[in-house]
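These are my notebook entries on a structure that is new to me. I record what I looked up, entry by entry.

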Amino acid sequence: MTSFWTGKRIRLRGIEPDDWTALMRFAEDEERLGDLLNPPRSAESHRARAKEQAVVKSDGDCFQLAIEAADTGEVVGAVGSFHADARSGWFEYGITIGAEFRRNGYAAEAVLLLLRYMFAERRFHKCQVRIFAHNEASLALHRRLGFVEEGRLRDHVFMAGRHHDLVLMGMIVDEFTELHLAGGLRDRPLDAASNAM
């Protein structure tokens with residue numbers, strides 16, 4: 001059996017201190033795409049953040065992982081659960097893929113691996129994700145994976161001089177099981193759903 005954290009195209013692993021340059025590039029990509037606007041950070045601050053992430057103790061429900069391309073070992077993105085309400089049974093996650101690595105199926109496979117862990121191993125009932133309304137690629141990805149739009153917060157985020165809508169999408173464990181684990185896929189890599197992404 002292959003590792004639980006390995007798919008056809010990617011492997012999820014803990015953040016290492018040497019990942020700081022990739023994480024810095026991803027932050028710059030998000031700013032260029034209009035998904036994040038923060039004051040410029042020094043290279044040293046990115047180094048310190050990666051080092052901090054490398055030794056942070058995970059509580060099992062909130063964590064960040066590097067997305068590594070299976071064929072090259074290069075860090076192509078990051079994914080993680082950043083808020084979890086165990087009592088109510090829901091969690092939120094975020095993902096970023098470096099601009100030069102998009103449209104290779106990495107995001108879809110990383111999301112499916114994360115969802116499988118959170119639904120099957122941590123026993124959560126629902127996953128939520130917040131997406132800027134102008135991020136059509138991310139909205140399309142989540143729709144293909146089976147997420148349902150649950151609401152839109154109008155003019156909710158102020159960034160780059162204007163207000164933006166935020167789309168709330170969700171998936172319930174039963175939907176995930178039906179779409180991605182039915183038909184004996186439980187013991188196989190999660191590649192069928194990500195082939196087109």
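Entry 1, elements of the chain. I take helices (H or I, at least four residues) and strands (E, at least two) as DSSP runs, numbered from the N terminus. On that basis I find five helices and seven strands in the chain. I note that the model is a predicted one. Reading from the N terminus on, I write the order of the elements as β-α-α-β-β-β-α-β-α-β-β-α.

I looked up how much of the chain is buried: of its 197 residues, 44% are. I then turned to contacts between residues at least 6 apart in sequence, and 63% of these join residues at least 24 apart.

For H3 (residues 106–121) and H5 (residues 173–181), I noted an angle of about 130° and axes 11 Å apart. Angles over 145 degrees would count as roughly antiparallel and 65 to 115 as roughly perpendicular; H3 and H5 are therefore oblique to each other. I recorded the crossing of H3 past H5 as left-handed.

Which residues of H3 and H5 meet? From H3, I listed Leu-112, Leu-115, Arg-116 and Phe-119; from H5, Val-173, Phe-176, His-180 and Leu-181.

Entry 4, helix H4. In H4 (residues 136–145), I found these buried residues: Ser-138, Leu-139, Leu-141, His-142 and Leu-145. Viewed down the axis of H4, they fall within an arc of 160°, so they line one face of the helix. I recall that an α-helix has 3.6 residues a turn, so residues three or four places apart point the same way. I next asked what covers the buried residues of H4. The cover includes the helices H3 and H5, together with strands E4 (90–97), E5 (126–132) and E7 (162–172). After H4 comes Gly-146, with a positive phi near 110°.

Where does Arg-123 lie? I placed Arg-123 in the loop between H3 and E5. Its relative accessible area is 68%, and Arg-123 is thus recorded as exposed. I also noted Asp-155, again not a glycine, with a positive phi of about 45°. Asp-155 is located in strand E6 (residues 148–159).

Methods. Residues numbered from 1 in each chain as written. Predicted model: local features only at pLDDT ≥ 70, side-chain atom pairs only at ≥ 80, totals over all residues. Heavy atoms only, no water. Axes fitted to C-alpha atoms, helices over the stretch in contact; angles between N-to-C directions. Parallel < 35°, antiparallel > 145°, perpendicular 65-115°, else oblique. Left-handed = near helix turned anticlockwise from the far one by under 90°. Contact = heavy atoms within 4.5 Å. Buried < 20%, exposed > 50% of the residue type's maximum accessible area, 1.4 Å probe, protein only. Arc of directions from axis to C-beta.
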